[in-house]
Amino acid sequence: MRKSLRWPVLLILAVLVLAALVPGFSLLHTGMSSKAHASGAASITLSSAASQPGTTIQASGQGFAPNDQINLYLNQVNGTLLASAAADSGGNLPATSITVPSQPTGQYTVVAMQAQSALSANTTLTIVPIFSLSQKKVQPGSLVGVKGAGFPFQDMIELFLDSTSGNSFTYGEDDYYGNISWSVNLPASSVVQGQHVIIAKSDTTGNILDFPVTFLPRAFPIVA
């Protein structure tokens, strides 16, 4: 009987000695631990992969460490902070609102980084231009405000009435961030009352944006 107990006893003693000599050794290393570990396979998605500056989209994700804060950046960690939210108990990023920033047209990376676990994920956001006038009912020759965003970096933007086949009635350069903010006079002659379109054209990309307007009659004084 003593002989049959010798090997189990020696095995237990050997394990105890090894645990004392090797830092971090544990019986849990046999794979029987029930503690969950982050897989590192975090991912995020956007409700719209192509959006205009100023619009609101939703970011959501999964595979993050539970209950840890997630910061969403544009292009790189510690870049432009878009939003912050906490992962839920299942490691999911709930739908989080992001306002698309004013940046030149093109593809950008939205990066999600957790504050404590250092898990990260990214996806692509394409910024496309937006263009508008301060009013939809106008008169020939009237002064209106023109705003735009998301145009190519320091691009020449031309404005046309109804068609780009002729000459533009005004033009100018956008700023470093692809924005325009002008006050312009609309064409004063050869404009028929009714529905028309003001067109913004990018010289760099050739992209065209339309803004519908209604021209109302206007009486001009007679110069003697």
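Predicted model: local features only at pLDDT ≥ 70, side-chain atom pairs only at ≥ 80, totals over all residues.

Residues are numbered from 1 along each chain as its sequence is written, and side-chain values use heavy atoms, with hydrogens and water left out.

**Stop 1: the open sheet**

Select β2, β8, β7, β4 and β5, in that order: they make an open sheet of five strands with mixed pairing. β2 (50–51) and β5 (80–86) stand at the edges with a single partner strand each, so one side of each has no neighbour in the sheet. Strands here are DSSP runs of E, at least two residues long, numbered from the N terminus, and two of them pair if DSSP finds at least two bridges between them.

Now pick residues 106–114 (β7) and 120–127 (β8), which run antiparallel and are joined by eight bridges. Click on valine 110, and you'll find threonine 123 of β8 opposite.

**Stop 2: β15 and its partners**

Move on to β15 (residues 194–202). With β12 (residues 156–161) it pairs in the antiparallel sense over five bridges, and phenylalanine 160 stands opposite isoleucine 199. With β16 (residues 208–215), β15 also pairs in the antiparallel sense, over eight bridges; here alanine 200 stands opposite leucine 209. Five residues lie between the strands of this β15 and β16 hairpin, and glycine 206 takes a positive phi near 80°.

**Stop 3: the ring cluster**

Which residues do ring pairs link into a cluster? Select Phe153, Tyr176 and Tyr177. Rings of Phe, Tyr and Trp (its six-membered ring) pair if their centres lie within 6.5 Å; planes under 30 degrees apart count as stacked, over 60 as edge-to-face and the rest as tilted.

The whole structure has three aromatic pairs. One of them is phenylalanine 153 with tyrosine 176, edge-to-face at 5.1 Å centre to centre and 90° between the planes. This pair links distant parts of the chain, 23 residues apart: phenylalanine 153 is in the loop between β11 (143–149) and β12, and tyrosine 176 in the loop between β13 and β14. Tyrosine 176 and tyrosine 177 have ring centres 5.3 Å apart and planes at 80°, so they are edge-to-face too.

Buried or exposed? Tyrosine 176 is exposed at 53% relative accessible area, while phenylalanine 153 is partly exposed at 43% (buried means under 20%, exposed over 50%, partly exposed in between, with a 1.4 Å probe and protein chains only).

How values were computed: Helix = DSSP H or I, 4+ residues; strand = E, 2+ residues; numbered from the N terminus.
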